[in-house]
Amino acid sequence: MSDRTLVIGIAGGTASGKSTLTQTLAKHFAGHVTVIQHDSYYKNNDHLPFEARTTLNYDAPTAFDNDLMIEQVKELISGKAVECPTYDYALHTRAKETVRLDPSPILIVEGILIFAEPRLCELCDIKLFVDTDADVRILRRIRRDVVERGRSLESVEAQYLKTVKPMHELYVEPSKRQADMIIPEGGSNLVALDMLVHRIDRVLGLDPNAAPLNAPIFEVDPQSA
Ligand code: ADP
Ligand code: C5P
Ligand code: MG
């Protein structure tokens, strides 16, 4: 097994299936994977009243405490445990509890805007973008936010039109260019999952032909291409 951490970045629009893909990989490689989510690093807005917090823009890079996240990703890569903040979507602010994250051979970094922050993007060895049509995403988001995140249908609609959609077009969609692999339909894309699992197997040394971490799978000579 490699003594270096393989960092896998998983980005994509809201409700594209990032967290589902992340959980599928984390379950498959249980015990070998640490997951760190950009959402955990939304800024603490305790100083604002609840009503004001409901109207903030949560889809721009400035909504996140990127410095803290980058510091903690680097700590995990260097083999140290971190106390990760947790986020309360119903209250729109950081929760009091922190969660201890231990380092693992595989670190999955997940979030809508991780490739829009160059310092986070640079830390990812494999960059995946989950690509799901906007109509499918909004349908999923309505259901999820009402059932799991304590939202009303009206609030999801208003937020989507005011910030989620324009910020997606401004920041998330262009960040797709940073990706190594674009995965249509995330966790239900069995072909992409199979390729990923094989790549991770190689890193974990579960594959008899295991190559060193980040060794190119194919040597490509651009001159002869
Ligand atoms: P993200 O983390 O990108 O916002 P999630 O993984 O939370 O997206 O998925 C959003 C919602 O859509 C969740 O309720 C999830 O169960 C559902 N979902 C995710 N992938 C699929 C899929 N391939 N088919 C149907 N529903 C899905
Ligand atoms: O899981 P997903 O990628 O959808 O999480 C990111 C989304 O969470 C963003 O699109 C943002 O609008 C939403 N969010 C929210 N309310 C908050 C914080 C984030 O609706 N307080
Ligand atoms: Mg998610």
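**Entry 1: before starting**

I'm working with a predicted model, so I keep that in mind throughout.

**Entry 2: who sits around ligand 1?**

I looked up which residues surround ligand 1. The list runs G13, T14, A15, S16, G17, K18, S19, T20, R140, R144, E185 and S188. Then I sorted this shell by class and got one nonpolar, seven polar and four charged residues. Next I asked which helices supply at least two residues of the shell. Helix 1, covering 18–28, and helix 5, covering 134–148, each do. Helix 1 gives the largest share, with three residues.

**Entry 3: polar contacts of ligand 1**

I went through side chains that come up to oxygen atoms of this ligand. For T20, an N or O atom of the side chain is 2.5 Å from an oxygen atom of ligand 1. For S19, the distance from a side-chain N or O atom to a ligand 1 oxygen is 2.7 Å. R144 also shows up, with a polar side-chain atom 2.9 Å from an oxygen atom of ligand 1.

**Entry 4: the largest pocket**

Where does ligand 1 sit? The space it takes is the largest pocket. I noted a volume of about 550 Å³ for this pocket. It is lined by 26 residues, and the closest to its centre are T14, A15, D39, R144 and R149. Helix 1 and helix 5 are the elements that give two or more residues to this lining. By class, I wrote down six nonpolar, ten polar and ten charged residues for the lining.

**Entry 5: on to ligand 2**

How many residues surround ligand 2? I got 17, and the closest are T14, K18, D59, Y87 and R141. T14 and K18 are already in my list for ligand 1. The shell of ligand 2 splits into seven nonpolar, three polar and seven charged residues.

**Entry 6: polar contacts of ligand 2**

T14 has a side-chain N or O atom 2.6 Å from an oxygen atom of ligand 2. D39 puts a polar side-chain atom 3.0 Å from an oxygen atom of ligand 2. Q159 does likewise, with a polar side-chain atom 3.0 Å from a ligand 2 oxygen.

Notes
Residues are numbered from 1 along each chain as its sequence is written. Chains are lettered from A and ligands numbered from 1 in the order in which they are written. This is a predicted model: local features need pLDDT of at least 70, side-chain atom pairs count only at pLDDT 80 or more; totals for chains, interfaces and linings use all residues. Side-chain values use heavy atoms; hydrogens and water are left out. A residue is near a molecule or strand if one of its heavy atoms lies within 4 Å of it. A polar contact is a pair of N or O atoms within 3.5 Å; within protein, one must be able to donate a hydrogen and the other to accept it, and residues adjacent in sequence count only if both atoms are side-chain atoms. On a 1 Å grid over the protein atoms alone, a cavity is a set of points where a 1.4 Å probe fits but cannot get out, and a pocket is an open set with protein on both sides within 12 Å along at least five of seven lines; lining residues have an atom within 4 Å of a point. A molecule sits in a cavity or pocket if more than half of its atoms lie within 2 Å of its grid points. Helices (H or I, at least four residues) and strands (E, at least two) are DSSP runs, numbered from the N terminus. Ala, Val, Leu, Ile, Met, Phe, Trp, Tyr, Cys and Pro count as nonpolar, Asp, Glu, Lys and Arg as charged, and the others, Gly among them, as polar. Grid points are joined across faces, edges and corners, and a volume is the space filled by probe spheres set on the points.
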